[in-house]
Each structure stands twice: as C-alpha cells, then as structure tokens.
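Here is my note on the model you sent. Please read it alongside the coordinates.

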Amino acid sequence: MIILGVETSCYDTGVAVIKASGKQKPAFEILSNVVSSQIKTHAPFGGVVPNLAARDHLKNIEPCLKTALREAKVEPKKIDLIAVTNGPGLIPCLLVGVNFAKALAYAWKKPIIAVNHLEGHIIAAFNGKFSRVAGSRFAGPAVALLVSGGHTQLVLVKNIGNYKIIGETRDDAAGECFDKAAKLLELGYPGGPIIATQAAQILNSKSEIRNKFKIQNSKFKIKLPRPMINQKNYDFSFSGLKTAVLYLLKDLKQKYPFLYDRTKKDINIIPELCCEVQQAIIDVLINKTLCAAKEYKVKTIILSGGVAANEELRKQFQKQIQNTKYQIPATKFLVPPRNLCTDNGAMIAMAGYFAVKRDPDRGRGNSLSKIKADANLRI
Ligand code: KG4
Ligand code: ZN
C-alpha cells in the first residue's frame with residue numbers, strides 16, 4: 001500500500017510517501033520524507049507566530065508534494081491512501097494541511113484518513129533505527145513519553161490505537177521550556193537544539209574542562225529546581241523552571257556584572273547554564289516516565305516528539321532504564337531516528353496505515369466531509 005502523509009500542525013510542512021505492508025508486524029519503507037522548516041520565519045519572534053506559519057505552509061505545501069512524489073518516483077495514480085494530521089495543533093496551520101489533503105483526495109479520487117498528530121509521534125518510534133526498515137511487533141502495554149514544543153504527555157499504550165493519557169503538563173511543554181530558556185539567555189530559536197549544543201561543550205569535553213565548569217558552577221550557584229519530580233502523579237510543570245532561569249539570571253547579573261561583560265572572554269557561564277536547564281528537564285522527564293513504567297508493568301517504553309531528538313535525553317534514558325532504583329524488568333526502549341522525532345509526514349502516513357488496518361471503514365466512503373481540523377484533539 002502506498003500512502004501519502006501530510007503534516008502541517010505547527011511550523012514544519014511535511015509531505016511523505018511511504019510503502020506499507022503486513023498487519024501483525026507492519027513493514028514500512030519511507031520512499032520520501034520532505035520537510036520544509038520555517039525556523040527563519042519564526043526565529044526573530046522567539047516562538048511560532050500561527051498566522052505567519054499558516055502563510056508559509058500555503059506557500060510550501062505544493063512544492064513539498066511535488067518533491068515528495070519525485071523523490072519517491074511515485075505518480076498520484078499509484079497512491080492508495082492520503083493521511084493527514086487533523087489535530088492537535090495551531091488551527092490556521094492545521095486548516096492548510098487538511099484542506100490541501102482533502103482537495104487532493106477529491107481531485108485524485110483517493111481515500112483519505114485523519115490522523116492524530118500525537119499518535120503519529122508514537123508510531124514514529126516503531127520505525128526502528130533506520131529509515132528503510134520493518135516496524136517491530138508491538139509488545140504492550142507500553143508507556144509513551146511525548147515531548148514536543150506543544151505537548152508533554154505520558155500515554156499508556158495498551159495497544160496501537162488504544163491510548164490513555166496518565167499525565168501531562170499543567171502549563172508549558174518541555175520543548176517550550178527549552179525555547180523560553182534559550183530566549184532568556186538570548187541564544188535564538190528553537191531553543192532545544194541550541195541549548196543541547198551549548199551543553200555538549202561541557203558534556204563532551206575533557207575532564208579538566210568539565211572540572212573547570214564544576215568549580216564555576218559551585219561558585220555561581222547554578223542550580224535549578226526539578227519541578228514536581230517527587231510528586232506521586234504523572235503530571236509535569238515547566239513554567240516554574242523557566243521563571244527560575246529568569247531569577248537566576250537576574251541574580252547573577254546583579255552579583256557578578258563582569259559575567260556579562262562581553263570583552264571578558266575568559267569566563268563563559270552560558271554552557272553551564274544550558275547544561276543545568278537541560279539536566280533539570282531530563283531528570284523530571286526520565287523519573288516520571290520510569291515510575292509510570294514500574295507502576296503499569298510495561299513491556300515497552302517509547303520516547304518521541306521533537307525533544308526526543310535530544311542526544312543527552314536519549315542516552316540517559318537508555319542508562320536509567322537499567323537503574324535498579326526503578327526495578328523495571330527487561331523493557332524494550334523505542335525511540336525514532338532523530339529525523340523522525342520532529343514533525344514530518346512519514347509518521348502521519350505510518351499512523352494512517354495502522355488506523356486503516358484496524359478500521360478499514362475509516363479510509364473508505366464519504367470521509368471527505370467528516371474530516372475536520374481540531375486544534376484541541378485528544379489522543
Ligand atoms: O515535535 P516538534 O517538531 O513540534 C511540535 O509538535 O511542537 O517539536 C519541536 C520542539 C521545539 O520546542 C524544539 O526546541 C524541540 O522540539 N527540540 C529539541 C531538540 N530538537 C528539537 N529539544 C531539545 N533538544 C533537541 N535536540
Ligand atoms: Zn509534533
């Protein structure tokens with residue numbers, strides 16, 4: 001089955017063509033996965049401006065489709081199904097993708113299916129390590145940590161298609177916290193990859209450099225809270241962490257103005273600050289997820305969403321799963337390849353395949369009129 005996936009829920013325009021087969025153990029081949037990023041449009045604002053994002057989607061979606069078809073060497077008549085994200089996300093952005101996909105379905109006379117963006121993120125993890133590989137048989141129950149710029153949720157996956165949110169953020173998402181902290185530090189947008197690169201200067205450096213930073217850290221008291229880490233629930237809160245960064249910066253500026261004297265290059269506390277922001281977020285995410293994994297006796301742990309592209313988070317997750325403190329028996333750890341962590345059309349096409357396999361009627365009939373964009377769609 002050849003599936004076209006369309007994704008426009010936030011600031012990435014994604015169009016992909018995949019080949020899918022099998023039911024119990026689906027095999028996916030990603031024939032093309034075109035993503036047009038709008039980072040340049042939103043960077044000056046330090047966050048996504050929904051109407052500007054919708055305008056860019058409108059401009060980019062047709063060229064993305066043409067490239068996706070060309071790279072996949074697939075003609076429209078070979079497409080068996082169109083899968084499109086209908087929520088959750090920014091409504092002006094969702095409307096572009098949904099209406100575009102519906103127009104294609106009408107013009108090409110193809111079945112169309114609506115896909116929940118968050119299910120797309122979960123399914124991306126089933127693609128294993130390579131972009132052209134068979135998916136793995138699902139070992140449930142699983143707990144999925146979905147961490148993106150708009151969401152931070154812990155989802156109990158009883159089976160593919162059967163989801164229950166067991167915890168979520170009460171305010172900011174983890175990605176949003178990375179983005180806002182980077183804005184406070186005047187580092188640019190999106191904050192996640194920038195903070196990760198700054199932190200890597202310490203984490204990947206030789207031990208003398210790490211020690212220098214350790215001394216610096218204790219001198220300037222760079223320590224941030226781990227919000228809600230010890231609360232006996234699976235909810236998160238990241239807005240307090242962002243405020244803590246704000247106050248820490250104010251305090252440092254007042255006590256040590258020389259740190260901000262750009263002519264003095266011998267002391268640079270930015271990598272240390274980034275390391276602490278990143279570690280505070282990682283500590284909360286891992287602890288909550290592994291406590292849930294223990295309570296629900298899961299067989300699989302899934303990490304997905306834009307923040308899952310974070311190298312340190314992936315590495316520490318892998319390590320902590322084996323930490324005897326959590327008493328988790330042999331558990332499969334699934335995380336998508338980095339290019340499938342951030343928004344893309346391939347994950348939507350794959351989720352569309354699972355959806356039609358479990359409910360063939362969804363991909364048939366007069367679904368055109370039933371498909372509607374929904375900014376607050378729940379998984
Ligand atoms: O899933 P995604 O592409 O879009 C949404 O659905 O929101 O996630 C985007 C988020 C942004 O907040 C970005 O800062 C974060 O993912 N992100 C990262 C990394 N790459 C992207 N956060 C931490 N480390 C990264 N390497
Ligand atoms: Zn996303």
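This is a predicted model: local features need pLDDT of at least 70, side-chain atom pairs count only at pLDDT 80 or more; totals for chains, interfaces and linings use all residues.

1. Treat the zinc site accordingly. The zinc ion (ligand 2) has His117 (NE2), His121 (NE2) and Asp343 (OD) as its protein donors. They lie 2.1 to 2.2 Å from the ion. The sequence spacing of the donor residues is H-x3-H-x221-D.

2. The site links distant parts of the chain. Histidine 121 sits in helix α4 (residues 117–124). Aspartate 343 is in the loop between α11 (338–341) and α12 (345–358), 222 residues from histidine 121.

3. The open sheet has five strands, ordered β9-β8-β7-β10-β11, with mixed pairing. β9 (162–168) and β11 (332–334) are the edges; each has a single partner strand, so one side of each lacks a neighbour in the sheet. On average, neighbouring strands are turned by 20° against each other, direction ignored.

4. β8 (residues 152–159) and β9 run antiparallel, joined by six bridges. Leucine 156 has lysine 164 in β9 as its bridge partner.

5. Helix α10 (residues 311–320) lies across β7 (142–147), β10 (300–304) and β11. Its angle to β10 is about 170°.

6. Glutamine 278 is in helix α9 (residues 270–295). Its relative accessibility is 2%, so it counts as buried. Leaving out residues up to four places away in sequence, glutamine 278 touches Phe178, Ile195, Ala196, Ala199, Leu203, Asn310 and Glu312.

Key. Residues are numbered from 1 along each chain as its sequence is written. Chains are lettered from A and ligands numbered from 1 in the order in which they are written. Side-chain values use heavy atoms; hydrogens and water are left out. Helices (H or I, at least four residues) and strands (E, at least two) are DSSP runs, numbered from the N terminus. Buried means under 20% relative accessible area, exposed over 50%, partly exposed in between (1.4 Å probe, protein chains only). Contact means heavy atoms within 4.5 Å. Two strands pair if DSSP finds at least two bridges between them. Axes are lines fitted to C-alpha atoms, for helices over the stretch in contact, and angles run from 0 to 180 degrees between N-to-C directions. Donors are N, O and S atoms within 2.8 Å of the metal (3.2 Å for Na, K and Ca); water is not among the atoms, so sites may look incomplete.
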